[in-house]
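Please look through the model below before reading on, with the sequence at hand. The paragraphs after it are meant to be read alongside the coordinates.

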Amino acid sequence: MGILEVRDVNKSFGGLQALNNVQLNVEEGSVHAIIGPNGAGKSTFLNCLVGRLTPDTGSVTFNGGSLLGITPHEINQAGVARVFQTPEIFGDLSLLDNVIIPTFATRDGAFTLNAWKRADQDKEVREKAEHMLEDVGLIEKKDFIAGSLSRGDKRRLELAMCLVQNPKLLLLDEPTAGMSRADTNNTIDLLKRIGKRGITKIIIEHDMHVVFSLANKVSVMAQGTVIAEGLPEDIKGDPRVQEAYLGGAHL
Ligand SMILES: Nc1ncnc2c1ncn2[C@@H]1O[C@H](COP(=O)(O)OP(=O)(O)OP(=O)(O)O)[C@@H](O)[C@H]1O
């Protein structure tokens, strides 16, 4: 039994079948990459996991319970956190306040919009948020306004906002998209470091350097279905994958 079990998931948009009988089994503590060409259905699949979309048929079981028929907030409370392609941060607040908000919410549950200002005075919350910023290498910028950060730092901040919620499963949607090679390598190092905490991760990524640096297992999607699955070194040499993913070029 994996921590996440996906069975026979289908999703259509009008006449277009975006997901076609998707099966996935993610082992607890693993880093599971999902790769595939543009339009393969990767984002649609991720959206089905976090409740942004509802599959037409199939089941999604996480940690023994179904993720279907519950709200995105309930999915988050069940221990699933997602880092988006476009970082979802509060651009006009400081980095520290950005991390204080989810730290406070995780400890105290739902809260009113202005309550986080009180959280700022809460020593325990503040220290936890600062510790998290230290973990992702942003502590020196804690008083900067988040909107002024580089793209790489914004993603690092969003990661801190997710990690402070102590997720069991972290979904990373192209975590290095648009980053310089130096920022990409920093992100790989950071993800390796947080990997040591045993959080299960699903990574959707186009950059094969990132995939092969981090993943224990790779699933390849094409035309809405999983066409191959295995260890990164096996996937690299799989002719079906070469064909589907890069039109025959070598990974
Ligand atoms: N909301 C939607 N309405 C209609 N069609 C959609 C919608 N979302 C996705 N699609 C279509 O579903 C298919 C799968 O798209 P999806 O974005 O999941 O692919 P992807 O593998 O994530 O691609 P990329 O790597 O380019 O992000 C595509 O043909 C896309 O045009």
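The structure is a predicted model, in which local features need pLDDT of at least 70 and side-chain atom pairs count only at pLDDT 80 or more, while totals for chains, interfaces and linings use all residues. Residues are numbered from 1 along each chain as its sequence is written.

Around the ligand lie Phe13, Leu16, Ala18, Gly36, Asn38, Gly39, Ala40, Gly41, Lys42, Ser43 and Thr44, where a residue is near a molecule if its C-beta atom, placed from the backbone, lies within 6 Å of it. Two or more residues of this shell are given by strand 2 (16-26) and by helix 1 (42-49), these elements being DSSP runs numbered from the N terminus (H or I of at least four residues for helices, E of at least two for strands). Helix 1 gives the largest share, 3 residues. By class the shell holds 4 nonpolar, 6 polar and 1 charged residues, with Ala, Val, Leu, Ile, Met, Phe, Trp, Tyr, Cys and Pro counted as nonpolar, Asp, Glu, Lys and Arg as charged, and the others, Gly among them, as polar.

Helix 1 is also largely enclosed by the rest of the structure, because 6 of its 8 residues are buried; a residue is buried if 20 or more other C-beta atoms, placed from the backbone, lie within 10 Å of its own, exposed if 12 or fewer, and partly exposed in between. The buried residues of helix 1 are Lys42, Thr44, Phe45, Leu46, Cys48 and Leu49. After helix 1 comes Gly51, with a positive phi near 85 degrees.

Two packed helices are described by the angle between their axes and the distance between the axes. Helix 3 (residues 95-108) packs with helix 6 (residues 151-163) at an angle of about 25 degrees, their axes 8 Å apart, where axes are lines fitted to C-alpha atoms over the stretch in contact and angles run from 0 to 180 degrees between N-to-C directions. The two helices, helix 3 and helix 6, are therefore roughly parallel, the term for angles under 35 degrees. In this contact Leu95, Asn98, Val99 and Pro102 of helix 3 meet Leu157, Ala160 and Met161 of helix 6, two residues being in contact if their C-beta atoms, placed from the backbone, lie within 7 Å. The residues of this contact between helix 3 and helix 6 divide into 6 nonpolar, 1 polar and no charged.

Helix 6 also packs with helix 7 (residues 181-195), at an angle of about 15 degrees and with axes 10 Å apart, which makes helix 6 roughly parallel to helix 7. Here Gly152, Arg155, Arg156 and Leu163 of helix 6 meet Asp183, Asn186, Thr187, Leu190 and Ile194 of helix 7, and the contact of helix 6 with helix 7 has 3 nonpolar, 3 polar and 3 charged residues.

Most residues other than glycine have a negative phi. Asn21, which is not a glycine, has a positive phi of about 55 degrees; Asn21 lies in strand 2 and counts as partly exposed, with 14 C-beta neighbours inside 10 Å. Gln223 has a positive phi as well, near 50 degrees, and is found in the loop between strand 9 (217-222) and strand 10 (225-230).

Strand 2 also holds Asn25, which, leaving aside neighbours within four places in sequence, is in contact with Gly2 and Glu5.

Technical notes. Parallel < 35°, antiparallel > 145°, perpendicular 65-115°, else oblique.
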